[in-house]
Structure formats: C-alpha cells, structure tokens
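Please examine the sequence and the three-dimensional model shown here.

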Amino acid sequence: MQSKISRRAVIKGGLIAGALVPAMGLIGNTAGAAALTPLDPNDPMAKAVKYAPDGSKVNAAANPTFKPTQKCANCAQYQGKAGDASAGCNIFAGHSVPAGGWCNVWAQKPGG
Ligand code: SF4
C-alpha cells in the first residue's frame with residue numbers, strides 16, 4: 001500500500017515538474033533580451049553595415065569610420081543599459097547585439 005502511494009506521489013511529482021519547466025522557460029523569455037535572437041553576422045543587412053559581434057576584430061583599414069572606442073554599448077541605437085552583456089539594437093528588430101559589437105552606422109549615444 002505504502003509503495004503504491006509513493007509511486008503515485010512520484011508520478012504526480014514528475015508531472016508537476018514537467019509542467020513547471022516549460023513555464024519557467026516562458027517566464028525567462030519575457031525578461032527582455034532573452035526573447036531576442038543574437039544577430040547573425042551573415043544576415044544580409046548585418047553584412048551591409050559591416051556588423052562585427054566583436055568590435056576588437058574589426059579591420060580598421062577596410063572600415064575607415066571605425067574607431068576602437070566605438071562599441072554597440074555606446075551607440076545611440078543600443079537598447080541596453082550600462083553593464084548589459086548584450087541588448088537589442090534599433091536597426092535590427094528582434095535581434096540582440098553584444099555590448100562589444102560594432103557596425104558602420106554606429107553613432108554616439110547622447111550623453112555617453
Ligand atoms: S547600430 Fe549601433 S548598436 Fe546597432 S549593431 Fe550597429 S553599432 Fe551596434
């Protein structure tokens with residue numbers, strides 16, 4: 001008898017855990033940047049603006065407007081706060097860009 005109850009309890013517990021895991025995923029996704037997909041450097045629009053997820057690897061000779069101080073984190077289009085590892089970009093709806101990324105439409109964030 002006891003073993004029947006515990007088996008039922010285990011099954012019930014498993015069902016609850018199974019239901020909670022996807023629900024927790026949804027909660028995580030509503031927390032902002034998690035709903036965004038990282039911008040693919042091979043995306044045609046990303047390529048058009050010479051997007052680089054790592055600004056330290058930008059070829060300065062091929063990108064005359066580039067300066068090492070220019071990063072997504074201090075760009076006017078960046079939607080993140082100081083200290084965010086990545087955030088949305090106004091140019092690339094639905095995608096996130098790393099704080100250290102760069103593209104050739106970079107413009108100084110006001111006050112930054
Ligand atoms: S527009 Fe600014 S924030 Fe967006 S990818 Fe280019 S440099 Fe980064």
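K50 is found in the loop that runs between α2 (44-48) and β2. In this predicted model, the phi angle of K50 is positive, at about 55°, although K50 is not a glycine. Most residues other than glycine have a negative phi. With a relative accessibility of 46%, K50 is classed as partly exposed.

The loop between α2 and β2 also contains C75. C75 counts as buried because its relative accessibility is 8%, and the cut-off for burial is under 20%. The C-alpha atoms of C75 and C89 lie 9.1 Å apart in space, with a separation of 14 residues in sequence. Q77 belongs to the loop between α2 and β2 as well. Its relative accessible area is 24%, and Q77 is therefore partly exposed. From the C-alpha of Q77 to that of Q108 the distance is 8.8 Å, although 31 residues separate the two in sequence.

The wider arrangement of the chain may now be considered. The protein chain contains two helices and three strands, and these elements follow the pattern α-β-α-β-β when read along the sequence. Of the 112 residues in the protein chain, 22% are buried.

β1 and β3 (residues 92-98) run parallel and are joined by two bridges. T37 has H95 in β3 as its bridge partner. By contrast, β2 and β3 run antiparallel, and four bridges join them. A87 is bridged to V97 in β3, and G88 to S96 in β3. β2 and β3 together make a hairpin, with two residues between them.

A93 has its place in strand β3. Is A93 buried or exposed? A93 counts as exposed because its relative accessibility is 68%, and the cut-off for that class is over 50%. The C-alpha atoms of A93 and L36 are separated by 8.5 Å, while the two residues are 57 residues apart along the chain. In a regular strand the side chains alternate between the two faces of the sheet.

How many cavities of 30 Å³ or more does a search of the whole structure find? The search finds one. The largest cavity holds about 100 Å³ of space. Of the 13 residues lining the largest cavity, those closest to its centre are C72, C75, Q77, C89 and C103. The lining of the largest cavity divides into 12 nonpolar residues, one polar residue and no charged residue.

What takes up the space of the largest cavity? That space is taken by the ligand. The residues that surround the ligand are C72, C75, Q77, Y78, C89, I91, F92, C103, V105 and W106. This shell comprises nine nonpolar residues, one polar residue and no charged residue.

The residues discussed earlier can now be placed in this setting. C75, which is buried at 8% relative accessibility, is one of the residues around the ligand. Q77, partly exposed at 24% relative accessible area, is also among the residues around the ligand. Both C75 and Q77 are listed with the residues closest to the centre of the largest cavity.

Conventions: Residues numbered from 1 in each chain as written. Predicted model: local features only at pLDDT ≥ 70, side-chain atom pairs only at ≥ 80, totals over all residues. Heavy atoms only, no water. Near = heavy atom within 4 Å. 1 Å grid on protein atoms, 1.4 Å probe; cavity = no way out; pocket = protein on both sides within 12 Å on 5 of 7 lines; lining within 4 Å. Sits in = over half its atoms within 2 Å of the grid points. Nonpolar A, V, L, I, M, F, W, Y, C, P; charged D, E, K, R; others polar. Points joined across faces, edges and corners; volume = space filled by probe spheres on them. Pairing = 2+ DSSP bridges. Buried < 20%, exposed > 50% of the residue type's maximum accessible area, 1.4 Å probe, protein only.
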